[in-house]
Protein chains: 2
Amino acid sequence: MLKTYMMQKREKIDEVIGEHLDKLKYPAVIAEGMRYSVLNGGKRLRPMLLLMTLEALGADESLGYSTATAIEMIHSYSLVHDDLPALDNDDYRRGKLTTHKKYGEAEAILIGDALLTHSFNVVSAGNMHLSGDKIAKLVALTSEYAGVNGMIGGQMVDIESEGKEIELPILQYIHTHKTGMMIKLPVEAACIIGEADAETTAKLTEYSELIGLAFQIKDDILDVEGEFEKLGKPVGSDEELQKSTYPQIFGMERAKEILEEKIDRAKTVAVEALGEERAAIFVELADYIGKRDN
Amino acid sequence: MLKTYMMQKREKIDEVIGEHLDKLKYPAVIAEGMRYSVLNGGKRLRPMLLLMTLEALGADESLGYSTATAIEMIHSYSLVHDDLPALDNDDYRRGKLTTHKKYGEAEAILIGDALLTHSFNVVSAGNMHLSGDKIAKLVALTSEYAGVNGMIGGQMVDIESEGKEIELPILQYIHTHKTGMMIKLPVEAACIIGEADAETTAKLTEYSELIGLAFQIKDDILDVEGEFEKLGKPVGSDEELQKSTYPQIFGMERAKEILEEKIDRAKTVAVEALGEERAAIFVELADYIGKRDN
């Protein structure tokens, strides 16, 4: 059920993102570069979380299309800038040339800047069916979670920590900020759009934090135990880069236990927030994150 | 009168920007880098235009502090990214090391991203004294004028045009977008905050377009006729970079006439919009832009 659900949502999301990008024409290299960077075959986990949450709250999913698009644009810009020579210096992503390899480095910097800037246009001008108060809250939340106190903060600490042995609180800061904030963002955004009450919002936020953390721990485990063919990247790259990970700090056995605990707790809070029926897809997603092999 | 006015506004603006930046602490390199990049002794022309317009509309200037801060953060991020090795590759700005020379290239990319992202937090979370509708409009306007259809579009076309002979429409696109949009932005933002009627907004927008263009034409003229000591940069650099300019396309004499026409028209529309008394500072500013020697 989850696989079909994810596929359907992904199709819808790519269609909606495409419509937003179609409106941009000039300068051609930016318009094309934005499209190239966003429509890259990604799983659309973040937009899916937003639509999934809206649906569970009984709200019309179309109310979330623009915000979901904006969040995916922010995720995409962060990959474009992350891949730059001064940062991770990657030539390929998902088997395609990275944006700077395709369009040039100056262009990739500007394409990333354009995606980030335009995401806020999509949240505001693209959301005029929502009240001004909701738009203001969505912009405040998005800019907080994507910025210095969120994703960018996590990226910076991650860069500073490479090659160093780091303490658990720093590792947790990197996990919760670099990837975690952008997984919380769509769930909390959906709670604003769908007018969830405070308790439901708190439970669903906890769910998103737990699956975000589980996702990261599973990544660390796969980096040690995964198969190259399935991962599409070399096994053991964390160790080579001297990145601190859960298996390295806790040992593999305990890391797997922690993963299991996070998944279990995520399923519990989802059911508490939504009841068993409406939580079904949230439970499946949590299990999927724990069991995935790529 | 203008000089005193500008100095007072600049002091106030630097204080307000400093307060916003003071709230950011971690990661230290980003918090410090944001401060270093924004508090750089700039003239604060854009924030000043916003406060000036609010005052002329009879609105409390404090209503514009956050939006003025956000606009200056966007202006600053654009300079940080523009100075990067892949773009203009500048080591100094206003006699200080550029951000990437001071903090490193990866850091400068993230510091720029953080400034851009945080500017939208300042416009939204920092503006909660304004209605949601006004915030939504300010975010939509800011992201439009700073993005692919605005400043970033202008930067991209400018980069693509270097070393080529370009037609007047392309030169005008670069001028109106690369610098012009960010000069229109504070004036139009003030019209939203101060609830100017449609006619006043249209006139003040025209004023801002005219002084933006005049600023650029004057820049072109100074690049040929200016004195190194006053400009703080080499005379003739446009010719060296094979940049198309007004004097090059129209000849120096006609370029000066066009400058004069733009300034005259700017003064006229300011008086039409505001009456002679309230327009006085707008008239002075227009004259200053035409006469400045740096």
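**Salt bridges and symmetry**

D287(A) is partly exposed, with 23% relative accessible area; that class runs between buried, under 20%, and exposed, over 50% (1.4 Å probe, protein chains only). This is a predicted model: local features need pLDDT of at least 70, side-chain atom pairs need 80 or more, and totals for chains, interfaces and linings use all residues. Residues count from 1 along each chain as written, chains are lettered from A and ligands numbered from 1 in written order, and side-chain values use heavy atoms, without hydrogens or water.

D287(A) pairs with K291(A) in a salt bridge, 3.9 Å from N to O. The cut-off: a Lys or Arg side-chain nitrogen within 4 Å of an Asp or Glu carboxyl oxygen. Both residues sit in helix α14 of chain A, 4 residues apart, about one turn. Helices are DSSP runs (H or I, at least four residues), numbered from the N terminus. K291(A) is exposed, at 64%.

R44(A) bridges to D14(A), closest N and O 2.6 Å apart. R44(A) lies in the loop between α2 and α3, D14(A) in helix α1, 30 residues away. R44(A) is buried, at 2%. D14(A) is partly exposed, at 25%.

E225(A) meets K256(A) at 3.0 Å. That links helix α10 to helix α14, across 31 residues. E225(A) is partly exposed at 44%, as is K256(A) at 36%.

Over all chains, there are 37 salt bridges.

Finally, symmetry. A 180° rotation, with 0.0 Å shift along its axis, puts chain A on chain B, RMSD 0.0 Å.

How values were computed
Copies are superposed by least squares on the C-alpha atoms of residues with pLDDT of at least 70 in both. Helices (H or I, at least four residues) and strands (E, at least two) are DSSP runs, numbered from the N terminus.
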